[in-house]
Amino acid sequence: MDLLLDGVGQAAALLLAGDGEVWGILRLSLLVSGSATLVSLALGIPAGTALALARFPGRGLVVAAVNAGMGLPPVVVGLFVTLLLWRSGPLGGLEILYTPAAIIVAQVVIAAPIVAGMTLAAVQQVPRAFRLQLLALGASRVQMVWVVLREARLPVLAAVMAGFGGVISEIGASMMVGGNIKGQTRTLTTAMVLETGKGNFDVALALSVLLLVVVFLVNWALTVIQQRSAQ
Amino acid sequence: MLVRLLAAALVLLASGAPAAAQPRVVILSTTTSTQDSGLLDVLVPIFEQRTGYTVRTIAVGTGQALALAARGEADVTLAHAPALEKKYVAEGKLRNRRLVMYNDFVVLGPEADPARVRGERTAVAAFRRVAAAGAPFVSRGDGSGTNILELALWKEAGVTPAAPWYIESGQGMGATLGIADDRRAYTLTDRATFLAFRKRLALAIMVEGDRPLLNLYSVLEVDPANGPRVNAAGGRAFAEFIVSPGVQRVIEAFGVDTYGRPLFVPLAGRGDDDVK
């Protein structure tokens with residue numbers, strides 16, 4: 001218990017003291033997971049919307065695959081992305097393994113299905129009659145999709161939160177493709193594992209407090225946006 | 001606001017990208033003990049400053065570190081499993097194995113010492129007693145250098161360790177020490193990790209100073225024939241650096257301020273049999 005309280009205290013102390021390493025780790029985590037979430041939105045929202053509105057043979061299978069993808073184990077993603085990015089792998093020429101770019105790639109693979117799956121569910125919830133009505137009133141297909149997405153914006157924002165929450169707290173893939181390199185690819189979660197392994201439980205606790213605060217603040221901001229647009 | 005934040009993130013990312021793409025990168029695969037002890041945090045910045053290379057340190061178990069290097073996924077490796085290292089050298093995967101430093105392993109056990117191990121001079125004899133008593137023993141079980149040595153000791157003792165008394169943690173040394181402490185079990189650890197964790201442990205040293213318990217660290221270069229894009233020059237530069245006299249002096253002084261004693265003894269230029 002004393003260790004827990006110390007952890008909270010030390011987290012505050014580390015941040016207030018402007019510990020350069022901790023700030024660097026925090027910045028990298030936000031940067032990597034923020035970028036991965038952005039890319040996942042760019043891929044997942046159009047894919048989810050298209051899947052919700054289109055009808056084609058084998059659609060059920062694709063939807064099932066996306067839904068299954070929402071539960072992709074990060075460590076499996078990490079392993080596959082590592083093998084792809086190996087110097088001897090098919091994407092070895094990029095030479096991005098053990099860099100933040102590699103972590104972003106892995107996190108996109110984790111987050112994009114989450115965003116796509118939740119967008120799919122959100123758009124499908126908008127009644128079909130409403131879509132037909134829009135088209136009947138003379139809306140183009142693009143305008144119809146835009147209005148439908150606006151109708152579905154609350155659950156889509158929830159998809160953003162789920163995607164970001166999934167990747168910022170993910171560890172398996174970050175560890176494998178990033179390598180937990182000091183000053184280069186050390187994120188909040190991989191740093192936590194390292195400090196625990198070194199027996200520095202107080203620092204690990206400080207980092208977890210920091211992670212929780214970050215996750216809360218980001219979700220709070222998104223919730224404010226979500227609830228404002230709900231009114 | 002959200003859009004602006006995300007845009008700022010993208011700009012930051014773009015500014016960081018060129019550094020990742022620059023060619024002068026050396027990938028060092030090494031064991032967790034060199035990283036957990038903090039030694040690499042001291043050595044790597046000196047090397048980067050002196051040579052202009054950027055080092056990507058991949059700290060994993062020794063088995064994995066050597067396997068990665070043998071595949072050409074690293075440029076140089078710092079490992080502590082002499083038999084395995086020599087095998088890779090013989091196969092032509094790795095080359096120019098040079099000793100860097102050593103420290104030692106110790107056999108730990110609970111104060112109560114239910115297997116009456118204390119007083120044994122050799123690790124092998126101690127292991128036999130643990131097995132005969134069926135006292136709990138926690139193994140890393142992860143293919144690390146420590147694990148490889150431990151398995152060799154069991155073999156030497158003529159014992160096939162098995163459940164229920166033999167527990168495989170599958171984790172790093174720190175976590176394994178925690179489990180051994182909790183189960184009041186015996187275990188094998190490198191001294192550096194034990195010193196780092198001693199405050200939290202009720203375990204005591206049972207056997208030390210036995211010749212097989214020497215922990216030899218070597219640097220090996222990767223043969224560029226093993227795979228595409230191996231940075232042989234960079235790997236060689238790191239190997240030359242770590243065995244250079246100046247760096248050996250840094251290794252000798254490392255850890256004195258924290259533990260009151262050095263964690264590693266420099267060994268460059270010596271042979272495997274020169275130690276003690």
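Chain B is divided into domain 1 (23-103 + 215-274) and domain 2 (105-213). The model is predicted. The centres of the two domains of chain B, taken over C-alpha atoms, are 26 Å apart. Their contact draws 17 residues from domain 1 of chain B and 14 residues from domain 2 of chain B. On the domain 1 side, α2 (32-36) and α4 (62-70) of chain B each give at least two residues.

Chain B also touches chain A. That contact involves 27 residues of chain B and 23 residues of chain A. Four elements of chain B give two or more residues to its side: α1 (2-21), β2 (54-60), α8 (173-182) and α9 (191-197). The largest share, 9 residues, belongs to α1(B).

The table sets out two of these contact sides by residue class.

| Side | Nonpolar | Polar | Charged |
|---|---|---|---|
| Domain 1 of chain B, touching domain 2 of chain B | 5 residues | 11 residues | 1 residue |

Now the confidence. The model scores ipTM 0.75 and pTM 0.80. Chain B has a mean pLDDT of 88, with 91% of its residues at 70 or more. Residues 8-22 of chain B are another matter: pLDDT stays under 50 there. For this stretch the model has 14 contacts beyond four places in sequence. Where pLDDT is low, predicted coordinates should not be read in detail. The caution bears on α1 (2-21) of chain B, the element with the largest share of the side touching chain A.

Key: Residues numbered from 1 in each chain as written. Chains lettered and ligands numbered in written order. Predicted model: local features only at pLDDT ≥ 70, side-chain atom pairs only at ≥ 80, totals over all residues. Contact = placed C-beta atoms within 7 Å. Domains from an automatic or database assignment. Nonpolar A, V, L, I, M, F, W, Y, C, P; charged D, E, K, R; others polar. pLDDT = per-residue confidence, 0-100.
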